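Here is a short tour for you, with the sequence and model side by side. Take a moment to turn the view around before reading on.

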Amino acid sequence: MQNYVSQIKEGGIVAFPTETVYGLGASATNPSAIAKVFEQKGRPSDNPLIVHISSIDQLSDFTNYPLPKFAPQLMEKFWPGPLTIVIPKKASVLDSITAGLDTVAVRMPNHALALDFIQQTGPLVAPSANKSSRPSPTKASHVLADFGSSFPVIDGGPTEVGLESTVLDLTSEKPTILRPGSISKAEIEECLNSEVLEDNQQTDKPKSPGQKYSHYKPNAEVHWLTSEDEIDQDDTLFLLVNSETSEEHIVGYDGDYQKLARELYDRFRQADLHGYKKVIIEPFHKNNSPVAAALLNRIEKAIGK
Ligand code: TXA
Ligand code: MG
């Protein structure tokens, strides 16, 4: 760990685990380290980064107090955890972090290694540690597959959640979900006792610029299971939400949506490694589980809608 802490302090970048996906960490106060993050990922510079903190007192370097109305309640309830809040930025926050916006996205990850690391390095910017247009990494091996076998990565094993954090804008009149994640709209509404909106990002100038870029599609074609599909096709990987059956190319999740969320990106990567022609997923409803809306969002993106 000490070696990785020194690398960050010297302006390097290091991948580390969080509860959602692995992040590509760089010091949030070092412009050249942040430039390296964009360069290594192949990320467009108009796509802002999330600042990761390990304690509440670090927040004062990024935003002025008082915080927006709902922020304290949300931080109390969901931090550390997979909720990113978008709040007004302090003038000193680097433009490369916010892509010139007047807001900054912040979260405190719920992962012992991540918190310990950030405690020693100071706040880190951390996009998902994949090359742009590849799926977010949920294992250290995914990071190495994208960045090479000698890339510095703190291996914390497979991540617990498997999908990226919920991004919630607190600068508009009503709290607005910019990216669904495992913390659902209903859970946020219950915490705040107030209505939460969803931004479907269908405008030319989306509030969360990341949502406008095309996301990872495996080489295999992804689609929803229909009555026409025969599940004996072995050039196809089937992800069946409600089935218990499991064979090499048929994976049953028996209603365990959290497990599907945890494994989805790894299944996409495996589909490409195995040369499957299709990935067919059994449809489900967004109210079936707190994580279902986020899963639907990522699957629809992989389908290419
Ligand atoms: O779970 C996660 O959030 C992971 C782990 C590593 O923490 N990180 C992650 O970062 O997914 P990234 O860079 O892949 O996605 C960040 C998202 C993008 O959609 C970006 O547009 C949005 O957050 N974002 C960042 N700053 C923003 C801001 N000021 N306003 C609106 N959206 C913002
Ligand atoms: Mg990402």
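In which sense do strand 4 and strand 7 pair, and over how many bridges? In this predicted model, strand 4 (residues 83-88) and strand 7 (residues 166-169) pair in the parallel sense, over four bridges. On another side of the pairing, strand 4 is joined to strand 5 (residues 103-107) by four bridges, and these two run antiparallel. Strand 4 is also mostly covered, with five of its six residues buried.

The table gives one bridge partner for each pairing.

| Residue | Bridge partner | Strand of the partner |
|---|---|---|
| Thr84 | Val167 | strand 7 |
| Pro88 | Thr103 | strand 5 |

Thr103 also turns up among the contacts of Thr98, along with Pro48, Lys89, Val93 and Val104, once neighbours within four places in sequence are left aside. Thr98 itself is found in helix 4 (residues 95-98). Its relative accessibility is 2%, so Thr98 counts as buried.

Now for the wider view. The domain assignment gives domain 1 (2-198) and domain 2 (221-303). The contact draws 24 residues from domain 1 and 14 residues from domain 2. Between them the two domains bury about 1500 Å², with 52% of it on carbon and sulfur atoms. In domain 1, Pro135, Leu163 and Pro180 lose the most area to domain 2, together 36% of what that side buries.

Charged and polar pairs feature here too. Three salt bridges are found across the interface of domain 1 and domain 2, as are eight residue pairs in polar contact. Helix 6 (residues 140-147) supplies three residues, the largest share of the side of domain 1 that touches domain 2.

Conventions
Residues numbered from 1 in each chain as written. Chains lettered and ligands numbered in written order. Predicted model: local features only at pLDDT ≥ 70, side-chain atom pairs only at ≥ 80, totals over all residues. Heavy atoms only, no water. Buried < 20%, exposed > 50% of the residue type's maximum accessible area, 1.4 Å probe, protein only. Contact = heavy atoms within 4.5 Å. Pairing = 2+ DSSP bridges. Domains from an automatic or database assignment. Buried area = accessible area lost by both parts, 1.4 Å probe. Salt bridge = Lys/Arg side-chain N within 4 Å of Asp/Glu carboxyl O. Polar contact = N/O pair within 3.5 Å; in protein donor to acceptor, adjacent residues only side chain to side chain.
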